[in-house]
Amino acid sequence: MATPAKGEVTQWLVAGSAGDADALESLLPLVYEELHRQAVGFFRRERAGHTLQPTALVSEVYLRLVNQHEVSWQNRAHFFGIAAQMMRRILVSHARGREAKKRGGAAEHISLPEELMAASERDPNLLALDDALTRLETLDPEKSRMVELRFFSGLSVEETAEVMKVSPRTIDRQWQTAKAWLHREIGASKAA
Amino acid sequence: MADGQGLVAPGNRREQSGVIPERWKQVEALFEQALEVPTAERPHFLQGIGDDELRGEVESLLHAHGQAGAFLDEPEHFFSSEGLEEDAFLPGQIIDRYRIIREIGRGGMGAVFLAERADQEFKMQVAVKLIKRGMDTDQVLRRFQHERQILASLEHPNIARLLDGGTTDDGLPYFVMEYIKGERIDHYAEQHRLSITERLELFRQVCGAVSYAHQNLVVHRDLKPSNILVTPEGTPKLLDFGIAKIIQSGDGMEALATITAMPAMTPEYASPEQIEGTHATTLSDVYSLGAVLYQLLSSHRPYRLQNRSPQEIAKAITATQIEKPSARVARAEDARRLRGDLDNIVLMAMRRDTARRYRSVEQFSEDIRRHLTGRPVIARADTLSYRAEKFWQRNKLAVSAAALLFLTLVGGIVATASQAHRARTEQARAERRFNEVRKLAHSVLFDYHDAIKALPGATKVRELLVRDALNYLDSLAGEAHGDRALQRELAAAYERVGDVRQTLGDMAGTLESQMKALRIREALVATDPSDLQARRGLASSYRKIGDRLGATGNVGSGLEHLRKALSLFLELTRAEPADADLRNELAETRLSLASDLGGGSDFAGALEQGRAALATWEQLVAINPRESWYRYKLWWSQMSIAYTLWLTDDVANAIAANAKALALGEALLAQNPLNADYRRSLVINYQNGGDMRQKIDKRGALEFVRRAVELGEELVAADPANGTARKDLAYNDKRVADFLVELNEHSEALRHFRQANESYQRVIKDAPEDLSSRFYAATCRAGVARMQACLGEIEPALEECDNVIAFLRETSGDQPGHLGKAQAHEYLGYAYVALAASPQASADASRKYTTAAREMFRQSQSIIDEARRRDGDLGQNENWAREIAAEIAKCDAALKK
């Protein structure tokens, strides 16, 4: 797929933050494709001794897709919100695919670079985190979303606050809570 | 964790236990409150919660909170933290033949265990390094098989031996190494409060070990303090030699898998070229050792970093200026000790450009020794010419000795490379050696070339170098398909060879090599447009080719290439505004554009580009006043502006601008008196000064050209094989003669025409195909004839004229419209005019000479007409054509009498 023109994504973002939900929705495949593409490019450029950093990928995709002069702070945050979901989806579906493959099952296959698969596979914690996050979502969707934003998109406290439309102070507090809860959940599921 | 009770979210332990969000809100509120309470008062706070379920929930969250630490705070750590349980080994467990005693370390690539041989009576302790899951095990093992013998053969008191390796039953690769009981070198130095001198001595032992490995063609690739242990006896031991190579693959796609597999490998000590993804060489180890020494001396890592993310580190290593170690230490006494030599030594090892680092670990170590023994160190000024100068001063013989050594090395390496190459298909191991050799050859070829290039007398060696390098590159080129890293390297190598050929005056060869580089880079960019490094390379190729085309008269095509280069560089500098090298290249492109635009009479465009280039270099000089390259280019851009002004007939401003340029150039040469480039540029600068005064101040002009001759004589004396220098000298001798003619100083003029002719004859002897020089020689001889005629030596003058005419007749037809040939005829015309004017000539003879003169001028004119038919308007030369037409008219007038 060709890289979408910067202007296109920018337009959608502007419309999306003005309350047009469809606009945001139409961003998803674009962001997904570009993240995917960037993930490949990222590994090609960066060589030895590097950690996979999904947040870095997200930032790069943002720089590529969005015309920053035309997009306000809030729009930027929206973008990262979407990207966080995508990043989580990409990493987790692969970790799952590999797990299934290991067990000999015919896993649903999403074409992702080997490198990224290795990254997700490497970490069983990722699947545990994903499970825990899904559980948190039923209990407290806001916190689940906040973790997604901060963890998978690399948003700062302030940026997260912007997306969530709460104060940074609140995010700080919620983060402590979510962290403790998730840590407990993951630890408990491991012990089981 | 004992928190199974209470209110738990739906999950695998309790099937959708139906948590009531309202209850959760309560838990959350209580938990947050509890966090506000000082730890000591928390039990009291908890007791206050009446509801057991709620209290239990808050309690377990508080417990988790206490344990969570940085959990989730740093995603990269989360992603890189291996599922630790997966490969945890317990004491007593056996890996192959080794019984685990305990875990002694855990890092990015896996865990290290203390172990002993399980099947032997004597208890030899070893370190077993287990590579964690997630890597391509087959690859690692295959590489290990290839490298194992070489690594096992590294026997050095400061290198931990590699003993064994294989895979566990679970398929995890492992290495068995000599077990070293010791501390990291930096910790050791701190704890034992080693003095600076003691630290340097210790570090030199490390250098000795690395140097030994390099002699055995093993590059460490991952030198860092945690890989250098010091035993209680004070002996440093290097760990993991060659392991990085095995775990990371060398090139291409294979390497991708390992990036993710080696997350915690800290890049802070990695060289810029490793960060950028090109091959690690012995010079990469020099860099990493520099970084280790930096830390050892200053107790700080080389870069000030905010969050230590790999991206930030990579950016720091490739883009920021390293602070001097002395600037990082707290105590004034330490700063004093580090300032000067030690700062310079560390920073020289850590130079971004490999060509400007120490050439070897040995040299690095030797420089430390010099410092310790109070001798001057190599690392002082940040310039290559400084080194070259010292080198030269020490012993002139050393230059040829170095050249000899160099040729031996190159010859040996190329032979080894091609042998290894032939064996490649038969033996996978040969391929690996080939790669090593390729890298070594690459660094030797180019590093050596750089080291000798500024030295006078190097021409012959450099020509041989080009020949060998080309043979070698052409043989590699066939193998490069699909290997981007190799293609990139090849393109860079062709570019460098092109650069060398250019300085040797081989214009067709230059273009050929640069075109090879261009094609490779075009393909690289076409297959991956997001590859910035490739775009940069492409821009550089466009610039160099544009430059060459322009210089060889192909201005239209040259401009086209230069404009492509300009737009690429503008795009790249916008993305990386702080990158000095990029800005430098942008300015270089503008300077070439200025020259070509000026040549095409677009003077406004030329001035605009020239001034923009000048401004960039002024900024770069301001940022880095000791970088002589920027000063050199500043000088050149000033010269270019002056020359363009002169072309627009703004003589006064041209002269003023040229004087500014001269001041810059003289200062630079005074600091680097052995630099042939500076001297040659100064020749041109004086030459231009002469041109500018030509019409308004003949005596002044003469002085300028005489100075150009003096400088040229020095150049030729220092490097007799340098054809370009000789040609420049001959040209200026001729120009001095021209001025003397106009000042009626005939015998002086005669001497200079003769000198010029002799120089041209030497050039022709070395390069018989150089047609221009042949015509110039003919011109000078016609000048000799003219002066003889003026001095009354009629017979010799006539004889000379006959010889020149015969020569021109022989050489006719080779290249129609050659302006050199037109000039030779013109000078012959003047010679006959002088003969006709001689008091000794009879009226008949005079008439005969005038007829001959007219014929010569007419032939000159018809050659110029040919040139005009071919090239269109001749620009500056149109004036000349008018002068010749005037001479014909004069002859006609004389003949009418």
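Trainee: How many residues does helix α30 of chain B have, and how far does α30(B) reach from its first C-alpha to its last?

Mentor: This is a predicted model, in which local features need pLDDT of at least 70, side-chain atom pairs count only at pLDDT 80 or more, and totals for chains, interfaces and linings use all residues. Residues are numbered from 1 along each chain as its sequence is written, and chains are lettered from A and ligands numbered from 1 in the order in which they are written. Helices are DSSP runs of H or I with at least four residues, numbered from the N terminus. Helix α30(B), residues 723-742, has 20 residues and reaches 29 Å, close to the 28 Å expected; the expected span is 1.5 Å times one less than the number of residues.

Trainee: Is α30(B) largely enclosed or open?

Mentor: A residue is buried if 20 or more other C-beta atoms lie within 10 Å of its own, exposed if 12 or fewer, and partly exposed in between, with C-beta atoms placed from the backbone. In α30(B), 18 of the 20 residues are buried, so the helix is largely enclosed by the rest of the structure.

Trainee: Where does R193(B) lie, and what is its phi?

Mentor: R193(B) lies in the loop between α6 (185-191) and α7 (196-215) of chain B. Its phi is positive, near 45 degrees. R193(B) counts as exposed because it has 7 C-beta neighbours inside 10 Å.

Notes. Helices (H or I, at least four residues) and strands (E, at least two) are DSSP runs, numbered from the N terminus.
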